[in-house]
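Please read the following note alongside the sequence and the model. It is written for a reader who is new to structural description.

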Amino acid sequence: MSASSTAEAPFVPKTKVGSFTNFVDERVGGSGILREFGRKVFPDHWSFMFGEVALYSFVILLMSGTFLTFFFDPSMAETHYQGSYTPLYNVEMSVAYNSSLNISFDVRGGLFMRQVHHWAALLFVASLGVHMLRVFFTGAFRKPREMNWVVGGVLLILAMAAGFTGYSLPDDLLSGNGLRIIDGVIKSIPVIGTYISFFLFGGEFPGTAIIGRLYVLHILLVPALILLMIVIHLFMVVVHKHTQYPGPGRNDGNVVGYPLGPVYAAKAGGFFFIVFGVLALMAAAFTINPIWNYGPYDPSPVSAGTQPDWYIGFVDGALRLMPGVVNNFHFEWIVFGHTLTLNVLLPALVPAGIIFTVLFMYPWIERWVTKDNREHHVLDRPRNAPTRTAIGVAGFTWYCVMWAAAGSDLIATHFHVSLNDVTYWLRTLFFIGPIIAFIVTKRIALALQRKDREIALHGRETGRIVRLPHGEFIEVHAPLDEYKRYKLVGFESPAPLPAQPNEHGVVTRKEKRRAALSRWFFEDRVAPATPAELEAAHSHGHHEAIAAGDEQKSLSH
Amino acid sequence: MKALSQKRRHPLAAIALLLMGLLLTGGLYAVATSVNQAKADTTSYSASDVEQGGKLFAANCATCHGMGASGSQDGPSLVGVGAAAVDFQVGTGRMPMQMNGPQAQQKPAQFNEEQTKQLSAYVASLGAGPAIPEEHLLDGKGDAAKGGELFRVNCAMCHNAAAAGGALTRGKFAPALAGVSSQHIYEAMATGPQNMPVFNDSNVTPEDKRDIITFLKTIEANGSPGGADLGSLGPVSEGLFVWVAGLGVIIAFTIWLTSRTS
């Protein structure tokens with residue numbers, strides 16, 4: 001194409017706009033970039049849009065956050081509130097809280113912007129989480145996307161950090177209580193804990209430095225890192241191309257979907273405004289973080305119903321679940337004259353540590369177990385990877401138990417049960433919940449696979465009962481069309497990979513462990529219906545008598 | 001003086017001193033506690049109130065609280081609890097108790113105002129205790145900001161900073177305070193019903209109580225400046241809302257956006 005255009009006479013723009021764009025294009029080559037990106041194909045599926053939601057929430061966060069910085073003063077100097085909210089009039093408070101109240105009550109549009117910012121923050125982390133769940137359950141983290149999965153995990157941690165530093169800024173009672181818990185967790189770290197705490201707070205808690213420091217982290221460092229990670233993330237998405245769900249005509253060598261320009265770009269642009277609109281509606285109609293209710297921070301009071309924002313909830317829940325003493329076994333030890341508070345240290349750091357370690361390592365774990373070094377661009381349906389799906393649901397269940405524990409007091413009051421019983425139940429579920437979830441999920445996945453196989457082989461039940469001349473009843477099954485059948489049979493079902501000797505002919509202990517894990521992963525499997533089986537099933541479908549006999553068997557069960 | 005100094009080594013001097021000390025501390029204690037004790041002004045109750053109250057008590061309360069309110073295995077003695085306690089417990093429907101449980105549940109009041117007054121009169125006649133507060137303490141015209149500070153320091157750990165209520169141990173709870181009358185709020189502070197501690201008049205003065213009531217009535221009347229308050233329950237209801245409503249609506253839109261193609 002370019003060869004043919006150079007052969008022609010040089011392009012002479014006819015209009016003013018044309019000459020301007022031509023000027024720019026000759027210098028930066030915009031049309032080439034546009035041609036490349038405009039033809040980039042994205043598959044269409046609703047579950048592919050959560051990353052977009054996260055991105056748009058982040059853009060909204062940047063915009064509303066910039067507005068808030070115009071009016072927020074991150075100072076812990078003391079002042080007396082003189083604004084228009086009477087229940088706090090003349091109350092002694094920090095300048096930071098004072099300015100947050102002024103944003104809420106005396107800056108035009110300030111409360112709306114604060115609520116947009118906070119709702120967007122909650123939605124940002126929520127959509128990030130759902131996006132990661134989608135990626136996990138569809139196996140989109142497999143080669144070549146392992147590194148992008150890690151970048152996504154880092155983004156999740158950064159989002160939590162951004163959220164927490166922001167939560168603490170208004171210096172109200174709730175945020176101060178949250179900081180106190182963080183301070184307690186930091187101080188529970190052996191040897192260095194107290195030093196870190198004093199360094200962070202510039203002395204004894206709460207000091208007069210923390211709000212300013214968190215402010216710098218919140219508006220400068222953390223968003224910059226998030227932006228950097230987003231750039232890397234999207235760059236890799238472009239390099240890897242987008243994954244797609246299995247379907248006729250889709251394979252690891254192509255991407256079936258719509259090009260970015262013009263439809264997809266228009267849709268994505270419109271979607272930004274939809275997300276913005278939803279957030280604006282929420283901010284306009286629903287209160288979030290009513291700081292005026294909580295009052296200024298003072299280390300002495302703690303309000304009932306003190307919780308962190310939802311994404312830190314699981315850590316708070318783990319802290320709530322931890323017993324101080326179990327059958328005379330104390331979790332607080334004195335070691336060389338220093339207190340070691342395991343009842344804070346363990347719940348605060350261990351579950352989060354396990355969740356993020358497994359999350360980051362999972363692509364490599366599965367890669368090692370399957371010895372699968374191929375590139376995967378076609379996604380798995382979750383049921384077609386039963387063990388992975390079960391692991392994911394088990395982990396998610398574990399997270400949810402801790403998450404629920406953060407609201408244990410509200411569960412108790414709203415369902416009229418004893419707070420202690422809620423805690424005992426959640427402690428039990430903390431241990432057995434993931435196991436039950438694993439077993440149940442794996443069985444459901446295998447059952448769904450069997451159902452798929454059954455449908456592929458014998459068609460869909462029509463609900464039409466036919467009585468045969470000799471008095472027998474059968475249900476008529478309608479065969480599937482080829483497109484639907486492809487979805488049910490076109491997947492891989494890896495079999496356990498036995499231990500294999502290395503180049504010296506030795507089966508190493510590590511290899512045996514891998515083989516054991518492979519057996520655990522793939523022992524229970526439902527193979528997709530093969531063409532031969534399909535052929536056999538279809539040909540016997542024509543012989544009514546045989547089919548009827550089959551039906552009778554399955555009906556009599 | 002000389003006689004006293006001569007007798008200071010008397011064998012009984014130590015005992016005498018001890019007695020004096022005990023009398024002094026006991027007397028001081030009596031004075032101190034009676035300062036805290038709002039006197040029951042039985043003057044406002046007529047003799048017939050007391051008599052009628054006694055009959056109501058015998059018919060409805062004595063099963064648990066015993067004849068003469070002297071208490072039984074099933075209920076405490078009510079001698080000295082004062083008119084305020086009766087007015088709160090009976091006026092809010094907590095007494096007579098619907099059923100045994102971690103704490104008495106609120107329900108529509110079983111007795112009318114007249115009967116409640118008679119019961120109060122009867123119990124107040126049994127011994128001095130906190131009286132029903134005077135009108136001017138309930139007018140809600142105190143200092144809301146000071147009341148807010150007192151509320152956060154003394155009440156918010158159970159009742160929640162926005163007075164939305166909270167959980168206590170083993171099925172007990174601190175109720176939400178919206179819709180509770182000023183008189184009942186005052187009486188609750190003065191008498192400490194259920195699991196609530198008593199905030200006596202030297203701890204939280206009547207004027208302070210007035211400020212707290214003013215604060216509660218102010219935030220109740222103000223409503224929520226930022227839109228629907230989602231129960232004023234803090235981040236849990238906010239998180240639930242963003243997951244269910246926020247993300248739910250977004251997912252509906254994503255399905256709509258991608259439904260036109262296959």
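The points below go from the whole of one chain to its details and then to the second chain.

1. Basis of the note. The model is predicted: local features need pLDDT of at least 70, side-chain atom pairs count only at pLDDT 80 or more, and totals for chains, interfaces and linings use all residues. Residues are numbered from 1 along each chain as its sequence is written, while chains are lettered from A and ligands numbered from 1 in the order in which they are written.

2. Chain A as a whole. Chain A holds 21 helices and 10 strands; helices (H or I, at least four residues) and strands (E, at least two) are DSSP runs, numbered from the N terminus. The C-alpha trace of chain A spans about 90 × 90 × 65 Å along its principal axes. Of the 557 residues in chain A, 36% are buried. A residue is called buried if 20 or more other C-beta atoms lie within 10 Å of its own, exposed if 12 or fewer, and partly exposed in between, with C-beta atoms placed from the backbone. Among contacts in chain A between residues at least 6 apart in sequence, 73% join residues at least 24 apart. Two residues are in contact if their C-beta atoms, placed from the backbone, lie within 7 Å.

3. Strands β7 (residues 332-335) and β8 (residues 338-341) of chain A run antiparallel and are joined by four bridges; two strands pair if DSSP finds at least two bridges between them. A:Val335 stands opposite A:His338. Two residues lie between these strands, and A:Phe336 in this hairpin has a positive phi near 50 degrees. Strands β9 (residues 460-467) and β10 (residues 473-478) of chain A are also antiparallel, with six bridges, and A:Glu461 stands opposite A:His477. The hairpin of β9(A) and β10(A) has five residues between the strands, and A:Gly471 in the turn has a positive phi of about 100 degrees.

4. Backbone points to check. Most residues other than glycine have a negative phi, and most peptide bonds are trans. A:Asn289 has a positive phi near 45 degrees; A:Asn289 lies in the loop between α11 (260-285) and α12 (291-294) of chain A. A:Asn289 counts as buried because 27 other C-beta atoms lie within 10 Å. A cis peptide bond joins A:Phe205 and A:Pro206, with omega about -5 degrees, and A:Pro206 is in the loop between α9 (193-201) and α10 (210-240) of chain A. In chain B, B:Met95 and B:Pro96 are likewise joined by a cis peptide bond, with omega about -5 degrees; B:Pro96 lies in the loop between α5 and α6 of chain B.

5. A buried helix in chain B. Why is helix α5 (residues 82-91) of chain B described as largely enclosed by the rest of the structure? The description holds because 10 of the 10 residues of α5(B) are buried. Among them are B:Val86, B:Asp87 and B:Phe88. The buried residues of α5(B) pack against α6 (113-126) and α9 (182-191) of chain B. Just after α5(B), B:Gly93 has a positive phi of about 85 degrees.

6. A residue in helix α10 of chain B. B:Thr214 is found in helix α10 of chain B and counts as buried, with 23 C-beta neighbours inside 10 Å. Leaving aside neighbours within four places in sequence, B:Thr214 is in contact with residues including B:Gly140, B:Asp143 and B:Gly147. The C-alpha atoms of B:Thr214 and B:Leu137 are separated by 9.5 Å, although the two residues are 77 residues apart along the chain.

7. The nonpolar core. The largest nonpolar core has 155 residues, and those with the most contacts inside it include A:Trp119, A:Phe124 and B:Val123. Such a core is a set of buried Ala, Val, Leu, Ile, Met, Phe, Trp, Tyr and Cys residues joined through C-beta atoms within 7 Å. Helix α6 (residues 110-137) of chain A gives the largest share of this core, 15 residues. Leaving aside neighbours within four places in sequence, A:Trp119 is in contact with residues including A:Leu279, B:Val242 and B:Gly246.

8. The contact of the two chains. How many residues does each chain bring to the contact? Chain B brings 53 residues and chain A brings 58 residues. On the side of chain B that touches chain A, α11(B) gives the most, with 17 residues.
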